[in-house]
Amino acid sequence: MSGFGGFLLRRAVGTVITLLAISVIVYVVFYATPGNVAQITCGPRCSPAQVHQVARQLHLGDPLYLRYWHFLEGFFVGQDFSTGTSVEHCAAPCLGQSYQTDRPVLDIILTKLPVSLSLVLGAMVLWLVLGVGTGVLSAWRRGRVSERVLTAITLAGTATPVFVIGLVLMIVVCGELRLLPFPQYVNLTDDPEQWAWNLLLPWLSLALIEAATFARLTRAAMLETLAEDHIRTFRAYGVGERAVVGRHALRGAFAPVIALNANNVGSAVGGAVLTETLFGLPGIGQELVHAVKVVDLPVVVGMVLVIGFFVVLANAVADVLYAVADRRVVLA
């Protein structure tokens with residue numbers, strides 16, 4: 001196949017291979033390391049009988065490649081887990097079962113995922129508006145005082161940790177000014193207005209960090225595009241500066257912004273641990289921290305796989321969007 005269809009097929013095959021490679025690495029790191037894997041998986045409170053049962057479920061007596069195959073089977077056909085008195089079936093795609101709560105790992109993730117997606121997607125809108133707008137304005141006002149001020153602000157934003165911004169916002173907005181209540185997550189379906197109000201500070205905390213990166217990238221891409229020949233041609237024909245910047249230069253500079261945004265969304269799903277912990281949001285990041293504390297290995301493995309899935313998927317989407325924005329990528 002050639003053209004855009006061939007490009008999509010190559011990206012799809014590459015995505016599948018990458019996901020399989022991640023599953024191999026995760027399995028080897030967590031289930032093929034030295035030590036009592038069954039004891040670690042089951043947790044410190046398990047009895048010897050429970051540890052023996054977990055060892056049988058993990059097929060620890062089999063060669064490593066067969067153990068990985070049984071692990072991979074759970075994604076496609078599910079797995080059976082013995083609770084001592086009965087056998088429960090974990091339907092595909094099965095990421096395992098928590099030995100701390102006796103719940104399927106996928107169910108735990110699905111209850112936490114809406115919180116993380118609400119945080120990341122809401123912050124994404126803000127960081128695109130703030131970052132791209134600041135970058136365009138900075139490039140348009142190049143060499144002026146306003147451009148230097150915006151550059152200094154973006155550098156400060158890039159260097160400031162998210163928990164510092166979050167703490168300052170909570171102290172000032174919630175404590176001193178009392179403009180907003182301290183965030184408490186509310187489901188979108190229960191009360192959309194309260195959902196948005198309670199997520200506003202977490203959105204700002206995460207978005208201000210990312211917006212600084214987008215502002216610097218947009219500024220650099222805009223300056224490069226504004227120096228190209230076709231922009232000079234538009235100006236020579238008397239096209240207004242606002243039309244040149246907003247309609248032509250921004251469109252040419254938007255391809256790297258699209259790619260970076262897709263990558264950031266994927267990594268932010270797993271990287272919002274500090275934001276979720278700081279604001280007490282019951283998302284994937286906070287659940288991962290809890291699973292590590294109580295040594296709930298199946299939950300840790302499932303979370304790592306899901307986060308890796310989002311990162312790989314976001315990179316694939318970034319490649320496709322980049323190709324749509326710049327069709328020369330298809331021919332590369």
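This is a predicted model: local features need pLDDT of at least 70, side-chain atom pairs count only at pLDDT 80 or more; totals for chains, interfaces and linings use all residues.
Let me start with Asp319 and Arg11, whose side chains meet in a salt bridge with 3.3 Å from N to O, where a salt bridge is a side-chain nitrogen of Lys or Arg within 4 Å of a carboxyl oxygen of Asp or Glu. Asp319 lies in helix H13, residues 297-325, and Arg11 in helix H1, residues 3-31, so the pair ties together parts that are 308 residues apart in sequence. A search of the whole structure finds 2 salt bridges.

Residues are numbered from 1 along each chain as its sequence is written, and side-chain values use heavy atoms, with hydrogens and water left out. Helices (H or I, at least four residues) and strands (E, at least two) are DSSP runs, numbered from the N terminus.

Now to helix H5. The axes of H5, residues 105-140, and helix H6, residues 145-159, come within 8 Å and cross at roughly 145°, with axes fitted to C-alpha atoms over the stretch in contact and angles running from 0 to 180 degrees between N-to-C directions. The contact (heavy atoms within 4.5 Å) is made by Thr134, Leu137 and Ser138 of H5 together with Glu147, Leu150, Thr151 and Thr154 of H6. These residues divide into 2 nonpolar, 4 polar and 1 charged, where Ala, Val, Leu, Ile, Met, Phe, Trp, Tyr, Cys and Pro count as nonpolar, Asp, Glu, Lys and Arg as charged, and the others, Gly among them, as polar.

With helix H8, residues 192-226, the axis of H5 comes within 5 Å and crosses at roughly 35°. By class, the contact of H5 with H8 has 22 nonpolar, 7 polar and 2 charged residues.

The loop between strand E2, residues 87-90, and H5 holds Pro93, and a cis peptide bond, with omega about -5°, joins Ala92 to Pro93. Asp102 is found in the loop between E2 and H5 as well, and its phi is near 60°, a positive value in a residue other than glycine.

Finally, the loop between H7 and H8 includes Leu177 and Arg178, and phi of Arg178 is near 55°, again positive in a residue other than glycine. Helix H7, residues 162-176, supplies 6 residues, the largest share of a nonpolar patch, whose members include Phe163, Leu177 and Leu274.

How values were computed
Patches are made of residues with over 30% relative accessible area and no salt bridge: like charges are joined within 9 Å, nonpolar side chains (Val, Leu, Ile, Met, Phe, Trp, Tyr) within 5 Å. Accessible areas come from the Shrake-Rupley method with a 1.4 Å probe; for residues, only the protein chains shown count as cover.
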